[in-house]
Amino acid sequence: MLLADPSEDKIRSYLHQSQCFVASHDGIAIGACLVQALAPTSREIKSIAVHPDHQKAGTGTLLLKWIIGFYRRSGVIQLEVGTGSFGYQLAFYQKQGFRVTGIERNFFIDNYNEPIVEDGIRLYDMLRLTLRLDRTNGQMTAIS
């Protein structure tokens with residue numbers, strides 16, 4: 001999970017309140033996702049990570065799609081996630097229908113002791129994204 005969240009303390013703070021989903025290949029874990037309940041019909045994806053040897057092969061996308069389907073079938077109406085304000089993670093969620101619904105300014109400054117840098121750019125703000133799950137027709141719909 002340190003691939004998705006560089007703070008072991010942060011991971012430990014939400015680990016025990018989260019459901020853990022694992023992607024495996026030939027019986028070996030190659031990806032994992034932690035999801036926390038926010039309300040009876042709302043969940044937050046706290047972190048999703050894929051082992052570097054299996055990245056860029058669709059594993060993360062398959063895992064995320066499986067999680068979306070699982071929660072849709074479970075009666076969850078909304079999935080949320082927080083991610084950096086740029087980069088492949090933002091596109092990763094947007095490709096599955098997540099829409100930006102908020103911004104937490106200075107999140108990465110206020111919540112991490114060390115700077116978080118991606119592609120040579122320091123992260124400051126966290127974007128909140130939301131995906132509404134439409135149970136009536138089995139399709140996902142983004143909220144605006």
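**Cysteines.** I searched the whole structure for disulfides (pairs of cysteine sulfur atoms within 2.5 Å) and found zero. Cysteine 20 is in no disulfide, and its nearest cysteine sulfur, that of cysteine 33, is 8.0 Å away.

**Basis.** I am reading a predicted model, in which local features need pLDDT of at least 70, side-chain atom pairs count only at pLDDT 80 or more, and totals for chains, interfaces and linings use all residues. Residues are numbered from 1 along each chain as its sequence is written, and side-chain values use heavy atoms, leaving out hydrogens and water.

**Helix H2.** I took helices (H or I, at least four residues) and strands (E, at least two) as DSSP runs, numbered from the N terminus. H2 covers residues 59–73, and its end C-alpha atoms are 21 Å apart. Glycine 75 follows H2 and has a positive phi, near 90°.

**Strand E8.** I found seven of the eight residues of E8 (residues 126–133) buried. Strands pair if DSSP finds at least two bridges between them. E4 (residues 78–84) runs antiparallel to E8, joined by seven bridges, and glycine 84 has methionine 126 as its bridge partner. E5 (residues 99–104) pairs with E8 in the antiparallel sense over five bridges; there, valine 100 stands opposite leucine 129.

Key:
Expected span 1.5 Å × (residues − 1). Buried < 20%, exposed > 50% of the residue type's maximum accessible area, 1.4 Å probe, protein only.
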